[in-house]
Amino acid sequence: MRIASRLADISESATLAISSKAKALQAQGVSVVNFGAGEPDFDTPASIKAAAKAAMDAGKTKYTPASGIPELKAAVAAWSKRLYGLDYSARQAIITCGGKHALANAFLALLEPGDKVLIPAPYWVSYPEQVKLAGGVPVNLPTRAADGFRIDPDALRKALAGVRVFVLNTPNNPGGFAYTPEETRALADVLDEFPDLIVFSDEIYEKLVFGGRVFKSLPAVAPELKDRTILFNGAAKTFSMTGWRIGWSLGPESVIEAMGTVQSQMTSNPTTIAQWATVEALNNCPPEVEKMRAEFEIRGKLMADGLNAIDGVRCLEAQGAFYCFPDFSAHFGRTVQGKKLTGSVALAELLLDKAHVAVVPGEPFGADNHVRLSFACSRDIITTGLERIRQVLAE
Ligand code: PLP
């Protein structure tokens, strides 16, 4: 059957694809170390599950307003006030079916055909694909691992000419870096020079920063940008609630209303029970959140040290999120176990086929010298997986 041309240039999510390939191998009885998954390995905290059960028992199982229940809108606004001192009204909040869905709504609500969206690389795989689906044109802004993937202000200024939306993601997937408030402020000074620019700030890893770092929401650092910034966030990473599919946006009322219109025709409300569970998560943030963060910090260091101990691999220590993004390019051009390592995709194939270790190639993140390894898995798994990688590459 003929598939619509708007899909001709759209790829399947590379991260989900590698995860399902790893799971298929596991189902055949192969012991696979999965560094591919972008989700915490911890269970959802008990207090959140209890709130979901209570909601079900109370009959909260019907449709809600398409843009979410007022209680959850109030909770996300209160969270943002508590953490960053930001003021948002309920009309400036929308609840979505995950953070991914909030972004899709916003691109659909704002982009005219041909509108340019500037995306610093490395970037989360879904940004460019969602932009294209909405008729826009993703524009890549390269950064360098040697600079800790920081955006060069002059390069940013040049790249912003004619751009409608700029996407900032810190703490970052896949780069594992996190901007300090001062670095965010320096970036905001450049964004400020473009009064028609809309800023998307994806803050879904806000609670996952390491080494005593502090994260601050963009409009808290740059209040002058608040009227043209849309915040993206969700319950998945902070509360280990990936499967519950709750995300949200805060931003100017007109944009939030337009996103609500899109949502009302596409999905209707996010799952009612999951919304009530997220009210509990936000209003009574469970102690597990900090415990998970502390464990991720230890694992991030273990993984970076282990990667740096492998010949020809260079890795920055993660500052946030739960990813290492090492440079393996010193191995490119080699042939290992009959496989020519032409780039990150070939390397990921080798590691999955011969070492039974799943990593995500950097190519779809806009950084082909790198691969992404998630440390959302136990310390033992990290040690085992890195040893397997070392052995295969040592041959
Ligand atoms: N933004 C970033 C940078 C992500 O890494 C993810 C998930 O991997 C999301 C948004 C969306 O998360 P979800 O749709 O699970 O809430």
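## Strand β5 and its partners

Val117 has Val165 of β5 as its bridge partner. The model is predicted. The pairing behind that bridge joins strand β3 (residues 116-120) to β5 in the parallel sense, over 3 bridges.

β5 also pairs with β6. These two strands run parallel and are joined by 5 bridges. Phe166 has its bridge partner, Val199, in β6.

## The β-α-β unit

Helix α7 (residues 181-191) belongs to a unit with β5 and β6. That β-α-β unit is right-handed.

## Ser201 in β6

Ser201 lies in strand β6, which covers residues 198-202. Its relative accessible area is 2%, under the 20% cut-off, so Ser201 is buried. Beyond its neighbours within four places in sequence, Ser201 contacts Leu168, Leu218, Thr229, Ile230, Leu231 and Phe232.

Asn34 is 167 residues from Ser201 in sequence. In space, the two C-alpha atoms are 29 Å apart.

## Helices α4 and α5

Helix α4 (residues 99-110) and helix α5 (residues 126-133) cross at roughly 35 degrees, and their axes come within 9 Å. The crossing is right-handed. On α4, the contact is made by Lys100, Leu103, Ala104 and Phe107. On α5, Ser126, Tyr127, Gln130 and Val131 take part. By class, this contact has 5 nonpolar, 2 polar and 1 charged residues.

Technical notes: Residues numbered from 1 in each chain as written. Predicted model: local features only at pLDDT ≥ 70, side-chain atom pairs only at ≥ 80, totals over all residues. Heavy atoms only, no water. Axes fitted to C-alpha atoms, helices over the stretch in contact; angles between N-to-C directions. Helix = DSSP H or I, 4+ residues; strand = E, 2+ residues; numbered from the N terminus. Left-handed = near helix turned anticlockwise from the far one by under 90°. Contact = heavy atoms within 4.5 Å. Nonpolar A, V, L, I, M, F, W, Y, C, P; charged D, E, K, R; others polar. Buried < 20%, exposed > 50% of the residue type's maximum accessible area, 1.4 Å probe, protein only. Pairing = 2+ DSSP bridges. Right-handed = clockwise from strand over helix to strand, strands pointing away.
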